[in-house]
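Thanks for coming. I will go through a few local features of one structure, beginning with a strand. Please have a look at the sequence and the model first.

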Amino acid sequence: MHMNEGARGAWAEARGRLIVSCQAAAPDAFDGAGLMARFARAAVDGGAGGIRAHGAADVESIRSAVPVPILGIHKEVVEDGQILITPTFDRAVELARAGADAIGVDCSQRGIVRGAHDRLQRIRRELGLPAMADIATREEAEAAVRHGASFVLSTMRGYTAETRHLRGRFEPEFIAELVRRCPVPVIAEGGIGSPEEAASAVRAGAWAVVVGSAITRPHLITREFADALQDGRGPQWTAAIDVGGTNIKYGLVARGGDIYGTGLVPTPVGSAEQVLEQMRIALRTCLAQAHGPEVECVSIAAAGWLDRQAGSVSYATGNLPGWAGADLRAAVANETSLPAFFENDGVAAAAGEWLYGAARGVRSGVCVTLGTGVGGGAIVEGRLLRGGHGLAGMLGHLPLPGAWMPCTCGLTGCAETELGKVGATRLVASFGSLEAWTEAVLGKDPDACRLLEEYASTLAGSLLPAVHLLDPEVLVFTGGLASAGPLLVGALRRSLSERILAWGQRRIRIEVSDAGGYAGVRGAGAIAALEWGRR
C-alpha cells in the first residue's frame, strides 16, 4: 500500500486498526458536552486507534481525553434541506483549531457541486492536515484523489441518490475495487455491523476501518436485542400489499426491510368487490414469484381506517367509493391460509420508516403520504400511534386555513383538497401533468420551482397542528408527490422555519423515504414484523 504524507505522522499508528465514530445528535441520550469524550475514552481503552467526531466542541473535548488521532467533521443542513459533511472551509478551520488531526469532507456529487474539491486542496495547503474524502462511488473516489484527497472513505455509499439501494450493506468487493483504483489509503466506513465484517474490510485491503452505530449508539444496539426476543424478529418473508387510490402495489419484504419482486396493478374505479379482486390478483402474483423464499405471512396496508382484528375497513372516504365495510381478511383467505395482518396505509408507511427507514430508532416522528389522498402516521413516545378507535393519522382531513374545495370525505377545506393528487394537479395545470411538473422542478425550471414553493407553503400550513402537538424528531414524506425529493425538503424547511414555534430548539429532520414508491409495501412488511410476536 502506498502511504502518502497524510498517512504518516499522527495517523501512522492507526493503520490496520479500528477508528470509532463517536457522534450523537439530539434526541440521542448521549448528545451533550463531554459525553462523546467518555465514549472516545472507552473506545481507546478497547483498542481503537483513532476517533471520528462531529463538531468543534466534541473534537475539543475528545482531544483532551484521548491520545489517538481524531478525524474531525462538521455535519450541517445546507440549502437543499439535507446534511452535508464539512460544507465550508471555515468549518474545517474550526475543527483544526479544536484539535482535529484530519478533516473529512463530503465528496459525493452533492459535495462536489458545493466546492468539496476546493476544500480538499485548501485543507492540505492552508491547514497542513490530511483531507479525507467521504465518497459513494469509484468515480467520486478517483475525482477526489485527483483533487488532492489524502485518504478515501466509503462513508457515503448508501446515502446518495444513486446508491441508496445499498444502504445498510457492507461490500468488501467495493473496498477492494477502491484499493485497486486509488493511489491513496482507503478507509472502510458504512454498513459495518460486526467484527467479521470489519475483518473482511481489512482483508479487502482497507488501510483502516471506521465503525460507528454498532458501537456508539446504545439505543440501536438495544433494539437489536429487543427485536431478537420478538419470536425471531418477525417473519423471514412477508407477502406485502399496498392498496392505494391509484395503484395496488406488491412485493416480498424480507426480515430487515429489503423489498424484492415489486410490481403494481391499477386500482379499479368501481365497487369494493372489484378492488378486492384486483388485490387478490396482486397477492396471487406476489406469492407465485416467491420461488425459493418461504413466505410466512401476508400483510395488507390499505387506504381507509381498518378494524385490524376483523380485517375489514371500518371507515373510508370517497377516494375509494364503497370501500367502507370491505372484508380484506376474507379476500386474503380465498388465496392463502397464511397468517394475515391489516393496517391503514399511512400508519403502515410510518411503521416502515420507524423500523427500516428515515425514522429508525426515533421516539417521536411523523410520516406523511402524499398521493391520491394525504395520509399520515406517527410514532409517539416510542409507540406507533393508532388512537382509541383505530382512526388516528387523519392528517389529510385537518382543516386548512383558506381552503374551500369539497373533499371526498364530505367536508370542505380539508388539507387533502389542496395537497392530494387532485389539488396538486390543479396547482400545476400549466405544466399539463404532475409528472411533467416534477420533471421541470428537477430541471430547476423557475416557474416549476415557484409552484413547488407554493405547494410546500401549503403543506407546511397543514403540518402546523401535528408539529406543535407531537413535537416530532423527524418528518418523513412518502408517495408520488414527494418525488421532488431534496428540492421539496428545502422548500418545506424554509416555510416551516417561518411558522413553527421554537423552530431552532426543535431541530427537526425532514426526509423523503428511501423506499420510493414502495414505502407502503415496506410499511406492510413492518406491520407484520411488529405484530408477529403477538399473533
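A residue is called buried when its relative accessible area is under 20%, exposed when it is over 50%, and partly exposed in between, with a 1.4 Å probe and protein chains only. Helices (H or I, at least four residues) and strands (E, at least two) are DSSP runs, numbered from the N terminus. This is a predicted model, where local features need pLDDT of at least 70, side-chain atom pairs count only at pLDDT 80 or more, and totals for chains, interfaces and linings use all residues. Residues are numbered from 1 along each chain as its sequence is written, and side-chain values use heavy atoms, leaving out hydrogens and water.

Now strand 14, residues 297–302. Of its 6 residues, 6 are buried, so the rest of the structure largely encloses the strand. In a regular strand, side chains alternate between the two faces of the sheet. Here Cys297, Ser299 and Ala301 point one way, while Val298, Ile300 and Ala302 point the other way.

What does strand 14 pair with? Two strands pair if DSSP finds at least two bridges between them. Strand 11 (residues 237–243) runs parallel to strand 14, joined by 6 bridges; Asp242 has Ala301 as its bridge partner. Strand 17 (residues 340–344) is also parallel to strand 14, over 5 bridges, and its Phe341 stands opposite Ser299.

Next, two loop residues. Thr86, between strand 5 and helix 3, has a positive phi near 50° without being a glycine, and is buried at 0% relative accessible area. Asp471, between helix 17 and strand 21, also has a positive phi, about 50°, but is partly exposed at 41%.
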